[in-house]
Each structure stands twice: as C-alpha cells, then as structure tokens.
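User: Please take me through the structure below in short questions and answers. I would like each term's cut-offs as it comes up.

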Amino acid sequence: MAEESGQDKTEDPTGKRLTDSRRKGQVPRSKELNTFVTLMTSSALFFYVGQGMWQDLLAMMKREFRLSREEIFDPATLLIYLKSALADGLSVILPFLVVLIVADLLAAMLLGGWNFTSEAFEIKFSKLNPLTGMKKIIGIQGVVELIKAIIKTILVSIVSWNLFKLYFDDFMGLSRLPLDQAIHHVGDIISFCLVILSATFLLLVMLDAPYQLWNHQRQLKMTKQEVRDEAKDQEGNPEVKGKIRRMQMEAAQRRMMDAVPSADVIVTNPTHFAVALKYDQTGNGAPLLVAKGTDLVAAQIRQLAMASHVPLVAAPSLARALYYSTDLNQEIPRGLFLAVAQVLAYVFQLRASTQYGWNKPVPPTDVQVPDDFKQ
C-alpha cells in the first residue's frame, strides 16, 4: 500500500530526473571541500610568497608612515598618504585575492561540476516558509551539520592548542628581535600554522563529500509510480500507443482489402491462409503480393475475392510459402517463380475460357515448392 500511495522512494533517479535537478540548480555540493581547497590554497600562497608579501607591506609601512610634524597636522597631506597606502596595499594583496577567488570557483566544480542556471535566481516564496526552515534544522540535515560543526571545533581546538604550545617560546621572544626580523619570523610561523590548520579539514572533507553525493542521490530517489508516470510522459501512454497501433493496423488492413478486387488470383490453404497476387503482363517485374492473411483475415480475403470474381486456387504449400516469405506490396522471391507461373497460367487459361466459351482448364494439383520455402 505504501508503494501504491507513492510514499516509498526506492527507485534510483532516472536520467531525466537528474537533468531536471541540474537545471533547477540541485547538484551535490560540499562546503567543507570548498573551505578546504580555499584554505589550502591560501596557506600554500602564504608559505611560498608570504615573505615577499611581508617585505612589501613592511616597505610600504616605512614609506607611507614616516611623516613629519607638519604633515601629521595637514589634513590634505594625510589624505594623500592614505590613498597612496591603500593603493600600495591593494597592489600587494590583489594577486593573492584573485588566486583565492579562482581556487574557490574551481573547488565548487570538484563536486557536481560547473552548473549555471537562471532558475536558481528565481524567487520562491516556499523557501521563506519558517516551517520549512525548522524542518531543515531539526531534520537529518540539521543533525549532520551539527556533527560537522562539533568535529571542526574539536579538530581546530586540538591542533591550535598544540601549535600554540609549539611556538609559545617563539612568540615570547619576538619582543627581543628587531622589527624586520620579528615580522619575517611571524610570517613564517603564521604560514606554517595555516598549512597545518588547513590540512586538518581533510578528514572532514573525506567524510562530507561522500555523504553529500549519497544525500543528493537519496533526495532524488523516485517512487515506482513516479518512474511509470515519467515513462508515460516521455514515451506516451501505453494505452494510447496501443490504440494508435490498432488504428494503424486497421487502416493498413483496409488498404490491403481494397487491393483484393484488383488481384489476379487468390492462393489459399484453402482455409487457414490466403494470399492475393497481382501480375502486370505489360511490365518486366515479378508478380506482387497485394494482400495476405490467416484465419479470419484469410476468410475475409476469400469472401471479398468471390464477390469480385477473383479466382481462388487451392495450393497449401505455395500459400504458406508466399505468406511467410513475401511482405505486402513486394515482389515474390525468385525461388517461387515456377510455382506461381503454374497458378497464373491456370488463371489466364480460365479467363480465356470464360471469354471465348472454351472448356474450363483443370486447376493445378501438383504445384511444387522448393524445400527452402516450405514451412
């Protein structure tokens, strides 16, 4: 009953369901993966180019903040120095910021790929429903986020405490170093600590990324009824398709029956098979099969032929061979030429006897069909 009511989503999402979800902006994302990549990128930049940045910033501070007494009390001069300091500082950190932005964009593509859709920007008032928000907080997603926050807090606390103990003496000794050396030393410590702290998020990423993939797949799961409905939408309702096929078959059968009165002969089984042949004596082609059928259809062909005065010839083996070897409106195969020629010869003799009052010919009784065509 649960399946029929559509409550149990046990089926994997179809290709159409996945495509529709991407169009709506629903792709698996891991905030922890984005954070890890961004932090590792920034820490690597600090580690390799941090010294140059500290030197540039130190040079800027020495250049921009050595002011005379007159310049300090001159608002116009202070504004000029401030603008210059901001420009110099921005030139130092701008490449760093650009790399971080690129890293953040690439990190988002690692899980779920690049996906831009305008539907994600549409205003949906359902998202403003506080009850929906409470369900997210209280539900499984809220519990998962709480667990991740606890793990992050524990990891960062443990690593930070150990780093603090490791570099405690170095921090205490900074006051005894010249300013240039102290800044360089602080830069080295910060770069190393940032690398270690960023690396601690790898454990969280290893847990969160597979979970996000699994959760995305779970959210897109479908009920059996949804799969059937989608199949109907894509391929059409089976009942409608069946009705169309029946209508097509009926139309084809009507066209076939319309060709029976113009046939030259009906080869019969004599009861279970009936095949209508037409031969153009003025052309170079072989006889055509214009109608065929079994049982009830064969009976209809015989009745229509008798009403139209089309001769019927009983040749069971030939009727079966023609029925199985030749499609509608196709020429008979070469292997049956001789057998069909015997039947057509009888038909033309019968037609001439009727026209000129001759004795009626004897129907062929020894029509030979090659073994390859026997059914």
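Analyst: A residue is called buried under 20% relative accessible area, exposed over 50%, and partly exposed in between (1.4 Å probe, protein chains only). This is a predicted model, in which local features need pLDDT of at least 70 and side-chain atom pairs pLDDT 80 or more, while totals for chains, interfaces and linings use all residues. Residues are numbered from 1 along each chain as its sequence is written, and side-chain values use heavy atoms, without hydrogens and water.

User: Is lysine 31 buried or exposed?

Analyst: Lysine 31 belongs to helix α2 (residues 31–64); helices here are DSSP runs of H or I with at least four residues, strands are runs of E with at least two, and both are numbered from the N terminus. Its relative accessible area is 54%. The cut-off for that class is over 50%, so lysine 31 is exposed.

User: Which glutamate forms a salt bridge with lysine 31?

Analyst: A salt bridge needs a side-chain nitrogen of Lys or Arg within 4 Å of a carboxyl oxygen of Asp or Glu. For lysine 31 the closest N and O atoms are 3.9 Å apart. The pair joins helix α2 to helix α6 across 114 residues. The partner, which is partly exposed at a relative accessible area of 26%, is glutamate 145.

User: What is the N to O distance between glutamate 145 and lysine 148?

Analyst: Glutamate 145 and lysine 148 are 3 residues apart in helix α6, which means a separation of about one helical turn. An α-helix has 3.6 residues a turn, so residues three or four places apart point the same way. Their side chains meet in a salt bridge, with an N to O distance of 3.1 Å.

User: Which residues make up the network of salt bridges, and how many salt bridges are there in the model?

Analyst: The network links Lys31, Glu32, Glu145, Lys148, Lys152 and Asp208. By the 4 Å rule, the count for the model is 7.

User: How far apart are the end C-alpha atoms of helix α6?

Analyst: Helix α6 covers residues 140–166, which is 27 residues. The expected span is 1.5 Å times one less than the number of residues, so α6 should span 39 Å. The distance between the end C-alpha atoms agrees, at 39 Å.

User: Which residues gather in the patch of positive charge?

Analyst: Lys and Arg count as positive and Asp and Glu as negative, while His and the chain ends are not counted. Each charge is placed at NZ of Lys, CZ of Arg, CG of Asp or CD of Glu. One member, lysine 243, lies in helix α11 (residues 238–259). The surface patch consists of Lys241, Lys243, Arg245 and Arg246.

User: What is the phi of aspartate 295?

Analyst: Most residues other than glycine have a negative phi. Aspartate 295, in helix α12 (residues 295–307), is not a glycine and yet has a positive phi. The value is about 50°.

Technical notes: Patch = residues over 30% accessible without salt bridge, like charges linked within 9 Å, V, L, I, M, F, W, Y side chains within 5 Å. Areas by Shrake-Rupley, 256 points an atom, 1.4 Å probe, with all protein chains shown as cover.
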